[in-house]
Amino acid sequence: MQKKWWHNKVAYQIYPKSFLDTTGNGIGDLRGILGKLDYLKELGIDIIWISPCYQSPLADQGYDISDYYRIDPRFGTMEDMEELIAKAKERDISILMDLVVNHCSDEHEWFQKALQDPYGPYADYFYFEKGVNGQPPNNWRSYFGGSVWEPVPGTDLYYLHAFHKKQPDLNWENPALREEIYQMMCWWMDKGLAGFRIDAIINIKKALPFTNYNYPPDRDDGLAAVTTMLSDAVGIGDFLGEMRDRVFHKYDAFTVGEVFNVKEEELADFIGDDGYFSTMFDFRAAVWGGSPKGWYDSCHITPQAYKSCCFTSQKLMQNVGYLSNIIENHDEPRGVSRYIPPQELSDPAKKLLAAVSFMLRGLPWIYQGQELGMENLPFSSIDEIDDVSTRDEYEVARRSGLSEAEALSAVSFYSRDNARTPFQWDDGKNAGFTTGTPWLRVNPNYTRINAKAQMRDKNSLFSFYQALIALRKHPDYTDTIVYGTLEPFMEDAENLMAFYRRGEAQTLLVLANFRKESRTLTLPAPVKRILLNNYPSLDIENDTVVTLGDYQAVILDMTAV
């Protein structure tokens with residue numbers, strides 16, 4: 001694998017609407033991010049991905065872009081963005097923007113022109129299709145529920161939206177559309193971006209013609225998940241290779257793809273040495289236990305399953321490319337609430353999860369508040385939930401026969417709003433996020449989980465993340481942690497996640513006791529030193545017999561095994 005400038009970095013995702021509000025309107029903004037660059041530098045961050053802050057009606061929280069060349073006034077100005085890029089660069093921090101080009105907003109100029117002339121050139125920027133016998137062209141269900149097809153007013157046409165009806169899909173088959181996108185991307189790169197996080201990109205290639213791809217319904221609504229068509233969509237590499245060559249290579253851009261459903265034989269095409277992207281997120285644990293029936297029928301992941309997901313991805317990618325490892329993001333619930341049983345949630349358990357994630361081979365990502373151990377929000381009513389996806393899943397659960405309370409409980413666990421609650425800066429009013437009324441309710445646990453308290457506590461989760469980052473960058477260990485191979489240790493042991501990281505100069509061993517009970521292990525070689533421990537001490541005899549407490553995690557420098 002060719003070594004790249006970003007391999008030894010640590011990345012951080014900011015959801016600007018919920019990060020820090022400097023105007024009192026209850027919505028986070030770019031100046032809030034500017035004011036916290038030193039906080040991120042102190043944590044040890046090198047790369048920041050900013051979720052969309054382009055002009056948008058916010059039907060899907062900014063992932064419905066109405067103007068790619070403007071900052072939404074709710075978030076600030078273009079001058080604010082330019083200052084943010086410059087001030088971050090002064091601190092050796094690179095900025096990524098969210099690239100949302102599978103779809104735009106129905107309020108975008110292109111779509112408005114398409115509606116004005118449904119048979120004109122701008123209609124070809126989208127998928128305008130005739131229905132079949134007065135019905136939509138096929139039976140695909142959108143990611144947010146209901147048909148992917150919406151009538152074009154005054155015509156017998158429908159337009160395609162894989163997501164919200166206010167997010168019409170862009171027609172990547174049209175060279176004129178692709179040219180517009182590449183020009184926009186270069187315009188942003190010229191402003192000093194390091195690259196892009198690329199949203200929902202696997203969806204840009206459709207199975208065509210649409211009328212050939214009706215699928216067996218997977219719910220009683222008579223529809224089939226739009227994801228079903230991805231296995232029949234052939235040729236996405238033509239688009240992605242062109243985008244790489246036209247934009248990414250030109251700027252030596254760092255790019256991370258949100259890629260689901262990629263075929264195993266195409267992994268090298270996506271993130272190999274000359275892949276379409278620099279890296280892509282590992283979502284194997286995030287999608288584990290999902291059900292075509294809906295969230296209400298999904299299985300909660302166990303520590304054993306989590307271990308299996310991580311090791312499977314690591315084995316697949318070991319000789320292919322560099323993964324991006326996550327615990328959570330803006331589309332997922334809080335990782336500590338998802339991967340740790342609620343009755344076992346504790347600071348040691350949160351630190352264990354952090355240690356495991358950071359020591360996997362790949363680029364570690366922190367989502368805002370993860371470094372504090374922010375948790376899921378206890379919802380008391382569906383009316384408290386803003387997320388369009390959660391609201392749809394609630395209705396799906398109710399139609400399946402669940403009571404209101406049962407449906408709320410089912411969807412609350414997975415709701416995207418869990419990760420979108422305001423950042424908990426301190427124990428003051430609204431957790432220090434805003435002087436006004438926050439757009440989404442603050443988690444009431446902010447009085448005990450907040451940045452101000454943790455930054456003063458050398459035993460806090462924040463301090464533990466600092467230590468993990470420092471270890472990753474330590475000159476004695478960085479080569480092994482960044483480039484060393486990963487080899488599972490005692491893989492069959494129940495609720496133990498253990499693995500070697502082997503480099504040319506050393507062997508490190510990660511031991512994580514993923515349960516409440518302690519356990520004793522006999523190691524195959526002596527321990528030379530303890531590099532990191534989420535407990536004050538480690539019970540070790542004769543340098544080889546280790547007893548781990550409940551949810552204890554250690555990183556050990558080993559005598560060669």
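The legends below describe close-up views of a predicted model. Local features need pLDDT of at least 70 and side-chain atom pairs pLDDT 80 or more, while totals for chains, interfaces and linings use all residues. Residues are numbered from 1 along each chain as its sequence is written, and side-chain values use heavy atoms, with hydrogens and water left out.

**View 1. Trp 6 and Tyr 322 form an aromatic pair.** Rings of Phe, Tyr and Trp (its six-membered ring) pair if their centres lie within 6.5 Å; planes under 30 degrees apart count as stacked, over 60 as edge-to-face and the rest as tilted. The count by this rule is 43 aromatic pairs. In the pair shown, the ring centres are 5.7 Å apart and the planes stand at 65°, so it is edge-to-face. Trp 6 sits in the segment before strand S1 (11–14), and Tyr 322 in the loop between helix H9 (303–317) and strand S14 (323–325), so the pair ties together parts 316 residues apart in sequence. Helices (H or I, at least four residues) and strands (E, at least two) are DSSP runs, numbered from the N terminus. Both Trp 6 and Tyr 322 are buried. Buried means under 20% relative accessible area, exposed over 50%, partly exposed in between (1.4 Å probe, protein chains only).

**View 2. Ring pairs build a cluster.** Its members are Tyr 54, Tyr 68, Tyr 69, Trp 110, Tyr 122, Tyr 125, Trp 187 and Trp 188.

**View 3. The largest cavity has a volume of about 130 Å³.** On a 1 Å grid over the protein atoms alone, a cavity is a set of points where a 1.4 Å probe fits but cannot get out; a pocket is an open set with protein on both sides within 12 Å along at least five of seven lines; lining residues have an atom within 4 Å of a point. Points are joined across faces, edges and corners, and a volume is the space filled by probe spheres set on them. The structure holds 6 cavities of 30 Å³ or more. Sixteen residues line the largest one, with Asp 282, Ala 285, Tyr 306, Ile 326 and Tyr 339 nearest its centre. Helix H8 (284–287), H9 and helix H10 (335–339) each give two or more residues to this lining. H8 has the largest share, 3 residues.

**View 4. The second largest pocket holds about 330 Å³ of space.** Of its 21 lining residues, Lys 4, Asp 273, Gly 275, Phe 277 and Ser 278 are closest to the centre. Helix H6 (residues 236–251) gives the largest share of the lining, 3 residues.

**View 5. Arg 529 meets Asp 557 through a side-chain polar contact of 2.6 Å.** A polar contact is a pair of N or O atoms within 3.5 Å; within protein, one must be able to donate a hydrogen and the other to accept it, and residues adjacent in sequence count only if both atoms are side-chain atoms. Arg 529 lies in strand S20 (residues 527–533). At 42% relative accessibility, Arg 529 is partly exposed. Beyond four places in sequence, Arg 529 is in contact (heavy atoms within 4.5 Å) with Tyr 477, Ile 555, Leu 556 and Asp 557.

**View 6. The peptide bond from Leu 208 to Pro 209 is cis.** Omega is near -10°. Pro 209 lies in the loop between strand S10 (195–198) and strand S11 (224–225).
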